[in-house]
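Dear colleague,

Please find below the structure that I am handing over to you. I would be grateful if you kept it open while reading the notes that come after it.

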Amino acid sequence: MRLFAAFILTFSTLFAFADTVYDDFQMPESVLQGNDGTIYISEIGERDVDGDGKITKIDPQGNRTTLAQGLYDPKGLVLFKDKLFVTDRDVVIEVNTIDGAYGVYAGTMSFPKSPVFLNDIDVDEKGNLFVSDSGDFKSTGFVFKITPAGEVSLVLEDQSDVIKAPNGLLVDGDKLFILDWGGEFFKANLKTNKVKKIAEGFTGGDGIAKNGKTFYLSSWLEGKIYTVDKGKVTVIKDGYEAAADIALSKNKDKLLVPDMKAGTLTIMDIK
Ligand SMILES: [Ca+2]
Ligand SMILES: [Ca+2]
């Protein structure tokens with residue numbers, strides 16, 4: 001597995017357009033890269049099985065280690081001040097990025113509605129976390145906000161007939177971008193609670209990344225990566241088995257794509 005990654009790394013150095021592929025992950029759902037270059041990956045293990053979920057990290061030299069293990073079905077990841085926040089089924093956990101020690105940050109009982117399928121997570125500049133609950137993946141989803149004091153509330157509650165099964169989240173100031181599993185991509189204003197549909201057709205929508213005005217969206221069901229640029233939708237990559245929650249690299253020149261069914265992490269050149 002290391003040899004394989006090393007070979008692909010060498011290969012991609014020779015041919016700048018080739019992707020770097022790491023394999024042998026157990027249902028990778030989400031990925032991000034910290035400012036020091038470390039890549040973090042959540043691995044579900046077997047779905048609905050407790051204890052086999054973990055967070056793996058790849059250091060800038062390409063060394064792969066387990067940061068935290070014994071989780072349930074970890075999914076969305078976000079870093080805030082060297083703490084890694086992770087959705088894990090019906091709780092949000094906080095992981096120390098140095099030693100991997102973790103604990104529950106927002107427990108099931110602190111949510112105003114019982115969480116069903118906590119999925120993506122993002123953070124604003126003040127440290128407020130936004131967490132999607134995809135519910136039954138049809139119409140029972142919600143978005144929660146968790147303040148730095150640990151208070152959990154529902155956001156956009158009056159838009160629950162519009163936002164049905166939120167998966168990908170991306171917060172940018174007062175704006176919250178939401179990719180719904182049903183395929184719609186929304187921009188919500190967190191001050192006015194107004195929601196606008198930007199684009200649609202991303203059936204099985206999963207992750208959102210943003211670089212300037214360009215959005216990158218993944219479809220888990222279609223195995224595709226899209227860009228949305230001023231409303232123009234383009235497929236930039238196809239053929240994944242299940243493209244999950246994507247992220248931009250720290251230099252914003254690469255897109256990190258976990259393929260949950262293939263068990264791979266692809267680092268794709270987007271320059
Ligand atoms: Ca599991
Ligand atoms: Ca997701």
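The notes below treat the calcium site and then the pockets. Please bear in mind that this is a predicted model.

**The calcium site**

Which residues coordinate the calcium ion (ligand 1)? The donors are Ile44 (O), Glu46 (O), Val49 (O), Asp52 (OD), Tyr72 (O) and Asp73 (OD), at 2.3 to 2.5 Å. The six donor atoms form an octahedral site, with angles of 73 to 166 degrees among them. For comparison, ideal angles for six octahedral donors are 90 or 180 degrees. Along the sequence, the donor residues follow the spacing I-x1-E-x2-V-x2-D-x19-Y-D. Ile44 belongs to the loop between E3 and E4, while Asp73 belongs to the loop between strand E5 (64-71) and E6, so this pair ties together parts that are 29 residues apart in sequence.

Are these two residues buried or exposed? Residues under 20% relative accessible area count as buried. Ile44 has a relative accessibility of 1%, so Ile44 counts as buried. Asp73, with a relative accessible area of 2%, is buried as well.

Asp50 is found in the loop between strand E3 (39-43) and strand E4 (53-58). Leaving aside residues up to four places away in sequence, Asp50 touches Gly70, Leu71 and Tyr72; Tyr72 is also one of the calcium donors. The C-alpha atoms of Asp50 and Asp133 are separated by 19 Å, and these residues are 83 residues apart along the chain.

The volume of the largest pocket is about 1000 Å³. It is lined by 40 residues, of which Leu32, Gln33, Val78, Asp122 and Leu248 are the closest to its centre. Several strands each supply at least two residues of this lining, among them strand E2 (28-33), strand E6 (74-80) and strand E10 (118-123). Sorted by class, the lining of the largest pocket consists of 18 nonpolar, eight polar and 14 charged residues.

The second largest pocket holds about 330 Å³ of space. Its lining has 18 residues, and the closest to its centre are Gln33, Gly37, Ile39, Pro60 and Ile267. Two or more residues of this lining come from strand E1 (20-22), and likewise from strand E23 (254-259). By class, there are seven nonpolar, seven polar and four charged residues in the lining of the second largest pocket.

With kind regards

Methods
Residues numbered from 1 in each chain as written. Chains lettered and ligands numbered in written order. Predicted model: local features only at pLDDT ≥ 70, side-chain atom pairs only at ≥ 80, totals over all residues. Heavy atoms only, no water. 1 Å grid on protein atoms, 1.4 Å probe; cavity = no way out; pocket = protein on both sides within 12 Å on 5 of 7 lines; lining within 4 Å. Points joined across faces, edges and corners; volume = space filled by probe spheres on them. Helix = DSSP H or I, 4+ residues; strand = E, 2+ residues; numbered from the N terminus. Nonpolar A, V, L, I, M, F, W, Y, C, P; charged D, E, K, R; others polar. Contact = heavy atoms within 4.5 Å. Donors = N, O, S within 2.8 Å, 3.2 Å for Na, K, Ca; no water. Tetrahedral: all angles 85-135°; square planar, octahedral: opposite > 155°, others 65-115°. Buried < 20%, exposed > 50% of the residue type's maximum accessible area, 1.4 Å probe, protein only.
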